[in-house]
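Let's take a friendly walk through a protein model together. Have a look at the sequence and the 3D view, and then read on.

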Amino acid sequence: MIGITTERLVLKKPRRKDKQLIVSQIGDWEVSKWLSKVPYPYTENDANEWIRTLSRKNLTFNIFENDSLIGGIELAPHEDNSHELGFWLGREHWGQGFATEACKGLLQYAAEELNIRNFISSYMIGNDASARVLAKLGFIKSGEGEIYCLSRKETLPCVNLVLAVPVLPNHFQPPNLSVEDADAADPLEAYSWQELRGMIYEKPETG
Ligand SMILES: CC(C)(COP(=O)(O)OP(=O)(O)OC[C@H]1O[C@@H](n2cnc3c(N)ncnc32)[C@H](O)[C@@H]1OP(=O)(O)O)[C@@H](O)C(=O)NCCC(=O)NCCS
């Protein structure tokens with residue numbers, strides 16, 4: 001079983017004894033109301049079902065601080081080869097930079113060890129903490145959509161995002177911004193996400 005280590009955290013599969021912490025933390029309405037696939041109320045049976053699926057999910061982990069479970073994180077593969085980032089933390093662990101740190105660790109592992117390049121995510125409109133975490137990681141908006149939220153039993157509007165800069169390869173050249181672009185509040189807004197990805201990932205012809 002692999003474990004991914006960051007400065008303060010370890011990302012690894014849960015043990016049997018961690019089940020109660022999963023139920024109490026993800027069963028908190030303030031957590032589950034922002035997650036698409038989590039039922040509410042969340043029972044021990046739900047946790048058992050979920051744990052049973054974990055052996056098939058290579059990039060789904062729980063987040064541990066000092067060997068105590070504080071949240072969950074995953075990169076879920078899609079048919080088009082993109083991987084969707086999802087994450088949550090028990091409420092008492094919010095506001096300490098843990099989500100950002102855990103996500104960075106998982107994205108770096110996936111990019112460097114597994115050569116995964118195409119990362120996407122989404123958040124339900126109103127989830128400002130998640131929007132901020134994703135912005136800090138380098139995700140940019142690719143569009144808007146709708147998502148079914150199992151805990152709320154309704155379809156809600158969401159923002160879809162794509163990671164523009166997971167790991168900068170050696171050939172990366174910063175965009176050649178004009179004076180007008182540089183004066184703009186956010187120079188990167190001058191580019192669409194497709195253009196940004198092209199700048200970063202399409203290696204220029206040499207020789
Ligand atoms: C989203 C979540 C994982 C964030 O966890 P966290 O460890 O507190 O996140 P971090 O500390 O790494 O970063 C949070 C950032 O959001 C900001 N933030 C927190 N609440 C905010 C709010 N209501 N409005 C705007 N910004 C907010 C923080 O100030 C921080 O930004 P900063 O570093 O610039 O100050 C946590 O709130 C959570 O589990 N929420 C419920 C589940 C969820 O929403 N998951 C994501 C689904 S897409």
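## A strand and its surroundings

Is strand β3 largely enclosed by the rest of the structure or largely open? Of the 6 residues of β3, 5 are buried, so the strand is largely enclosed by the rest of the structure. Keep in mind, as you explore, that this is a predicted model.

β3 has partners that you can trace in the 3D view. Strand β2, residues 9–12, is joined to β3 by 4 bridges, and the two run antiparallel. β3 is also joined to β4 by 6 bridges, again in an antiparallel arrangement.

## Two asparagines with positive phi

Now look at where β3 (60–65) gives way to β4 (68–77), because the loop between them holds Asn66, a residue that is exposed, with 8 other C-beta atoms within 10 Å. β3 and β4 form a hairpin with 2 residues between the strands, and there Asn66 takes a positive phi near 50°. Asn66 is a residue other than glycine.

Which other asparagine has a positive phi, of about 60°? That residue is Asn115, which is not a glycine either. You can find Asn115 in the loop between α4 and β6 (119–124). Asn115 counts as exposed because it has 7 C-beta neighbours inside 10 Å, and a residue with 12 or fewer such neighbours is called exposed.

## A cis peptide bond

Here is a detail of the backbone to look for. Tyr40 and Pro41 are joined by a cis peptide bond, with omega at about -5°. Pro41 has its place in the loop between α2 (29–32) and α3 (44–53).

## The nonpolar core

How many residues does the largest nonpolar core have? It has 35, and those with the most contacts inside it are Ile63, Ile73, Ala102, Cys103 and Leu106. The elements that give two or more residues to this core are α1 (19–26), β3, β4, β5, α4, β6, α5 and β8 (154–163). The helix α4 gives the most, with 7 residues.

Leaving aside its neighbours within four places in sequence, Leu106 is in contact with Ile4, Leu11, Ile73 and Leu75. Ile73 is itself one of the core residues with the most contacts.

## Around the ligand

Next, turn to the ligand. There are 20 residues around it, and the closest are Trp34, Ala99, Thr100, Asp128 and Arg132. Two or more residues of this shell come from each of β5 (83–89), α4 (98–114) and α5 (128–137). Which element gives the most to the shell? The answer is α5, with 5 residues.

The protein averages a pLDDT of 86, and 78% of the residues score at least 70. Where does pLDDT stay under 50? That happens over residues 166–174, for which the model has 11 contacts beyond four places in sequence. Where pLDDT is low, the predicted coordinates should not be read in detail.

Note on methods: Residues are numbered from 1 along each chain as its sequence is written. This is a predicted model: local features need pLDDT of at least 70, side-chain atom pairs count only at pLDDT 80 or more; totals for chains, interfaces and linings use all residues. A residue is near a molecule or strand if its C-beta atom, placed from the backbone, lies within 6 Å of it. pLDDT is the predictor's confidence in each residue, from 0 to 100. Two residues are in contact if their C-beta atoms, placed from the backbone, lie within 7 Å. A residue is buried if 20 or more other C-beta atoms lie within 10 Å of its own, exposed if 12 or fewer, and partly exposed in between; C-beta atoms are placed from the backbone. A nonpolar core is a set of buried Ala, Val, Leu, Ile, Met, Phe, Trp, Tyr and Cys residues joined through C-beta atoms within 7 Å. Two strands pair if DSSP finds at least two bridges between them.
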